[in-house]
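Subject: Structure handover

Hello,

Here is the structure for your files. My notes on what was found in it follow below.

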Amino acid sequence: MFDTAIAGSLPKPGWLAETHKLWPQWRLEGDALAEAQLDATLLWIKRQEDAGLTVIGDGEQARQHFVHGFLEHVEGIDFEHKVEMGIRADRYKAMVPQVVAPLRLKGRVHAAEARLLRAHTTRKTKFTLPGPMTIVDTVADRFYGDRVTMAFAFAELLNQEALALQADGIDVIQFDEPAFNVYLAEAADWGVKALERAAQGLTCKTAVHICYGYGIEANVQWKKTLGDEWRQYERVFPALAKSTIDQVSLECIHSHVPPELMALLAGKDVMVGVIDVASDTVETPEEVAATIATALRHVPAQRLIACTNCGMAPMDRAVAEAKLRALVQGAALARERLASR
């Protein structure tokens, strides 16, 4: 009861990349970089196991960014001539590559990290990929001329890699779709359909992560404009409840999301965010257990997974490690309390 997992990313060690940045520059190049990325992956596998997590991820150590780490392996994308573009409905600006030709995978994307992950833990494994709608929102289209058409083109490529990850032995494949919290009508209309295309044919557990973003200043300021109740999930959860996706990861602790919205995900496993990634304050086990208790009013215990609100890539490494320990300790406390009722 109460598996424990991370949403996806973990901080990169200072010897691998710049620290405390969402788009860090690598410290190395070529074969030395590839070797260091796997070293960092192995380090975080061990740290997650030491903390006691029951579902282990790669920490996205081989990716500069959760979207661009996939795009670098796709033909038809021009990284040499990036352009500035407002993403997430112009919440913040980013330098993004351009889609200039038909999209095709160059080959496997994450084989090295996935196989290393599978080989070095006996626990359940989870691997993350960007969702098609979020990819579309993070590239400049100079070829397709239509967001939906391009999203389904990306979904086909994601599906190819997802099927290969499943063959590598990955237990849970998660698609990250923060864009679902921004383009609400489009997410319910075609975003979920594109997500299902990306997950087509998978027999392992499938998941989607929807949140209010990393703990960066642009996201912190955006949240201040959302009012006393954040009801964005209300628009897309019914569509997800009807979908073929098995698990939904959402933001909970220190947010203004009405907890009762979780009831809209009846029949799904719910990865409840019990760790705040926008604060360096480490949660106490009591706080984590209290958040789980709140979620249990709306989610059956056998369907609840304790998770982080979002990725921890820009966070201080020591803080991230402390938060992982708090996540596990809080879940254990919630488990004990439930058993003693």
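**Cavities**

The lining of the second largest cavity divides into nine nonpolar residues, one polar and one charged. In this count Ala, Val, Leu, Ile, Met, Phe, Trp, Tyr, Cys and Pro are nonpolar, Asp, Glu, Lys and Arg are charged, and the others, Gly among them, are polar. The model is a predicted one, in which local features need pLDDT of at least 70 and side-chain atom pairs count only at pLDDT 80 or more, while totals for chains, interfaces and linings use all residues. Residues are numbered from 1 along each chain as its sequence is written, and side-chain values use heavy atoms, with hydrogens and water left out.

The residues that line the second largest cavity are Tyr 233, Phe 237, Leu 250, Glu 251, Cys 252, Ser 255, Val 257, Pro 258, Pro 259, Leu 261 and Met 262. The space in this cavity is about 50 Å³. A cavity here is a set of points, on a 1 Å grid over the protein atoms alone, where a 1.4 Å probe fits but cannot get out, and lining residues have an atom within 4 Å of a point. Grid points are joined across faces, edges and corners, and a volume is the space filled by probe spheres set on the points.

How many cavities of 30 Å³ or more does the structure hold? There are two. The largest cavity contains about 210 Å³ of space. Its lining has 23 residues, and Phe 66, Pro 178, Cys 211, Tyr 214 and Cys 310 lie nearest the centre. By class, the lining of the largest cavity comprises 11 nonpolar, eight polar and four charged residues.

**Cysteines**

With a disulfide taken as a pair of cysteine sulfur atoms within 2.5 Å, the count is zero.

Cys 204 is buried, at a relative accessible area of 11%. Cys 252 is buried at 12%, and this residue also belongs to the lining of the second largest cavity. The cut-offs are under 20% relative accessible area for buried, over 50% for exposed and partly exposed in between, with a 1.4 Å probe and protein chains only.

Helix 9 covers residues 285–295, and its buried residues are Val 288, Ala 289, Thr 291, Ile 292 and Ala 295. Seen down the helix axis, these fall within an arc of 160°, so they line one face of helix 9. The arc is that of the directions from the helix axis to the C-beta atoms. An α-helix has 3.6 residues a turn, so residues three or four places apart point the same way. Among the elements covering the buried residues of helix 9 are strand 10 (269–275), strand 11 (304–308) and helix 10 (317–339). Helices (H or I, at least four residues) and strands (E, at least two) are DSSP runs, numbered from the N terminus. Contact means heavy atoms within 4.5 Å.

In helix 3 (residues 111–119), Ala 111, Glu 113, Ala 114, Leu 116 and Leu 117 are buried. They pack against helix 1 (30–51), strand 2 (55–56), strand 5 (124–130) and helix 5 (147–167). Ala 112, also in helix 3, is partly exposed at 41% relative accessibility. Between Ala 112 and Ala 34, 78 residues apart in sequence, the C-alpha distance is 9.3 Å.

**Single residues**

Lys 205 lies in strand 8 (residues 205–209) and is partly exposed, at 39% relative accessibility. Leaving aside residues up to four places away in sequence, Lys 205 touches Asp 171, Val 172, Ile 173, Asp 246, Gln 247 and Asp 269.

Most residues other than glycine have a negative phi. Phe 2, not a glycine, has a positive phi of about 60°. This residue is in the segment before strand 1 (3–4) and is buried, at 2% relative accessibility. His 254, not a glycine either, also has a positive phi of about 60°. His 254 sits in the loop between strand 9 (247–250) and strand 10. Is His 254 buried or exposed? It is exposed, with a relative accessible area of 54%.

Regards

Technical notes. On a 1 Å grid over the protein atoms alone, a cavity is a set of points where a 1.4 Å probe fits but cannot get out, and a pocket is an open set with protein on both sides within 12 Å along at least five of seven lines; lining residues have an atom within 4 Å of a point.
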